[in-house]
Amino acid sequence: MMTSRTTLPELLAPAGSPEAFRTAIAAGADAVYLSGKRFGARRYAANFSDIEIQEAVTYAHARGIRVYVTVNTLIHDRELAGVMEYLAWLWSIGVDAVLIQDTGLAALAREYLPDLTIHASTQLTIHNADGVRWAHGHGFSRVVLARELMLDEVTRIADETEDTGVGLEVFLHGALCYSYSGQCLLSSVIGGRSGNRGMCAQPCRKPYTLVTGETDAYGRPGHLREIPTNGKYLLSPKDLSTYRHLPELVNSPVVSLKIEGRMKSPEYVAIVVSSYRRALDAIAAGTWKPSEEVIRDLLLAFNRGFTQGYLFGDRYNSLMGRDAPDNRGLLIGRVIKSYQDTSTAIIRSVLPVLPVTGDGLFIVTPENPESGCGFALNTTPKPTRDGYALIVPSPVPDGASVFITSSRDLENRAHRIMAKPFPDLLRSLQVDLDISVDPEGSIRFEGEIARPDGTLIPVSFHPDRRLEPARTHPLTRQQMEEQFRKTGGTPFAVRRCRIQYNEQLFAPVSLLNDLRREFFRIALERLDAASRPSAADVEAARCRLKEQPVTPPMAALPAGPVPALPLSLSVYTDSLEGIREAVGAGAGTICFEPLIATPNHTCGCDIPVPTLRAQVLAALDTCREAGAHLVWKIPRITHDTELALLMPDLVFLHEHGLAACMTGNHGIACAISRAIPPLALHGSSGLSVFNHRAVGQKSPSYALLTISPELSRDEIGILASLTGQQEHLPVLSLIVQGCSEAMITEDCIPRLALHCHPDRAVHDDLHGPAFLGICDETGRMFPVRSDGSCRTRIGNASELCLIDMLPTIRDMGIADIAIDARNRPPAYTGKITAIYRDAIQAAGTETGRSRDTTLMQLKEQVKQIALGGITTGHFVRGLKE
């Protein structure tokens, strides 16, 4: 029931094709999100051409529906001008909002198109109140929050940021990502298909085995053994369904409830959107109660098993579907007896659902959920004493489960929804109509259309045609009203019709119908025009883009190397022993990410964690003695409760000499900058710096920014060159060595081995010096580590190594190179630091063949201690496009 808010949150539906778009509107969506053929995060969907987007906007606005277009990928410098022209065009045709991930693009939109409404994509990984405040300061009117937040966290964020006016959007239903969105590079490092560029190959839906083993002095595993797990799809979540919790969401402060599914069929969109529409309307009317029939429809539409998600407290096994990664269908019964001679199976129902001819069925055993018998039912089930009999194409074992995977009835209902040209009458656009007819027969229409957001759109129509003097039967006001209230074939419903008329004239019904149709045609035009900027404003924006290019022509960039700075060497480590080894080998800067126990540590692993202050104070002492700089690297995922615990420590440590900290989240950076203005901010790769405009942001002000590991050397060269033409910008850093962090997730993989029994001996084996990893079907092994919050971080199967590229990197204008030695033992940290110190020396003092020979010899030394071999990542070849 509606108890505390007077309006329903927006129901936001996905559309991966024009057919799905029209279906979403017919099913009752308040708004629809879609993508063009470029720059969207679902490139494998059909998506929309420019003409189709324009048609969709007109179609939706005629029905009072909002349209949001996703431009939620990271943008290269060479693309910025084209994307800005695209944004200007989207604004000109009246798109209601654009979803953006790239911070450089957001800055350009704010500068060149200040009236364009922009929403912060979930790819921006905003998961705390300061992240919302950062978004507000950068022009975003809405934030799509990270899926990993609980509803009480969302509520606290809304309360703390109410003064900003930023709306909060959460996911309501659909597929879940395993990793925090925007922080996943697994598809990228495996095959070059980046989720940040809309090309995720979904490696999280592939099978993996969990392995552990002993490690040598450099952290390389040996004597590996497989750890048995319940299911081999270790990274595959269930699908989100919050249907049972809708009243809580309706009464929460969120402004929009989002259904995932741009890769899904129009039939899926029809069933899911209409199910939630009916439920929301029933909640508003005070008549809603959960319907098992609706839940069955949602399951039949598509499911990998349902979870109520992080929003409502699901974690670990209640959220993960590790037994299978694809559609489960609806469990309707179990085989109690099978007869091979007649190809018959007797089914005992577990639901009051009987399959019919044309349904798709899947019969499977619990022991082997992937292998089963799938078929289309082409005979009618026959009732028996114990259930019903099915003709099956192959023998099935007793005890097997029977699922409906496609339902003819559901498909028929979906097609009936899809055939509706307009939303239900209750959702029609209301029109107040005033009609006046003077004694000479001139007629005037003055009306107002009420849009769903409450805006009133005036419509005037003064036709040349007149009513004639009546000879025998004058036209009455009632007859006129009856004709003008007919709105069939339009999205309108006449709420009020007032007529001033002396009832002494006449007009044929055909004339009245023509006048009515013309009025509503004009009303549609006014409705469409009301959402678009004026032609003068559009032309002014285009002139700005032309006169002040967002990037200089590539030909204007320096032809040769930019003036190079001496390379400084930073080392990431998570242990005090690693710090001692790194500074002893010549590291100039240490980025220390100590293990931190936080309130999110709930999985039962019982990790012993030294106090934070003691660790960082010891690190400060070690760095002072060696003449090195210490940067405290804060975990890139830091929820509000965690940040509240860290801030007093940060203030204390700054008072005791800590001069800089590193973060991968703009919100955390803003919080730190506000609390401790003198503290220098370093940005990690979690900020996804992809272009020079992302470097040039002033709030918060960074002293150093780490370039995205998904850029090629040519792309880095352009970024660095464009950045070098501006003053007072951060130092650019590039990670050149280490197992790239490919995923960060709230799931705790070590828990699969611990079974949540905090046995200290087992625990120390998995969280301490032993190796833990996951192996894919090709034999690649991805290292796994769990932090003090029991979040899992998954690294690449091979180490990034750019040691022979250091002269190129230096000549680009990159001033800092970084080694990521986290989760590696001290011996590796010391050795790899010494190797790179020698490489920097060679790059700075040797030339030609001598330098290249030295660097190749050092590269061979790296190979000897690397985990899983070495790779140049995307530096040489770049991402697949």
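Visitor: Why are helix H16 and helix H17 called roughly parallel to each other?

Guide: In this predicted model, the axes of H16 (residues 612-626) and H17 (residues 640-655) cross at roughly 30 degrees and come within 10 Å. Axes here are lines fitted to C-alpha atoms, for helices over the stretch in contact, with angles running from 0 to 180 degrees between N-to-C directions. Angles under 35 degrees count as roughly parallel, over 145 as roughly antiparallel, 65 to 115 as roughly perpendicular and the rest as oblique, and H16 and H17 are therefore roughly parallel. Helices and strands are themselves DSSP runs, helices (H or I) of at least four residues and strands (E) of at least two, numbered from the N terminus.

Visitor: Which residues meet between H16 and H17?

Guide: Counting contact as heavy atoms within 4.5 Å, Leu-612, Arg-613, Val-616, Leu-617 and Leu-620 of H16 meet Leu-646, Pro-648, Asp-649, Phe-652 and Leu-653 of H17.

Visitor: What conventions lie behind these values?

Guide: Residues are numbered from 1 along each chain as its sequence is written, and side-chain values use heavy atoms, with hydrogens and water left out. Because the model is predicted, local features need pLDDT of at least 70 and side-chain atom pairs count only at pLDDT 80 or more, while totals for chains, interfaces and linings use all residues.

Visitor: What makes Asp-432 count as buried or exposed?

Guide: Buried means under 20% relative accessible area, exposed over 50%, and partly exposed in between, with a 1.4 Å probe and protein chains only. Asp-432, which lies in strand E20 (residues 429-437), has 12% relative accessibility and therefore counts as buried. Its side chain is joined to that of Arg-495 by a polar contact of 3.0 Å, the term standing for a pair of N or O atoms within 3.5 Å, where within protein one must be able to donate a hydrogen and the other to accept it, and residues adjacent in sequence count only if both atoms are side-chain atoms.

Visitor: How do you know whether Gln-697 is buried or exposed?

Guide: Gln-697, in the loop between helix H19 (692-695) and strand E31 (704-706), is at 13% relative accessibility and so counts as buried. A polar contact of 2.9 Å joins the side chains of Gln-697 and His-138.

Visitor: And what of His-473, buried or exposed?

Guide: His-473 has a relative accessible area of 65%, so this residue is exposed; its place is in the loop between strand E23 (468-469) and helix H12 (477-484).
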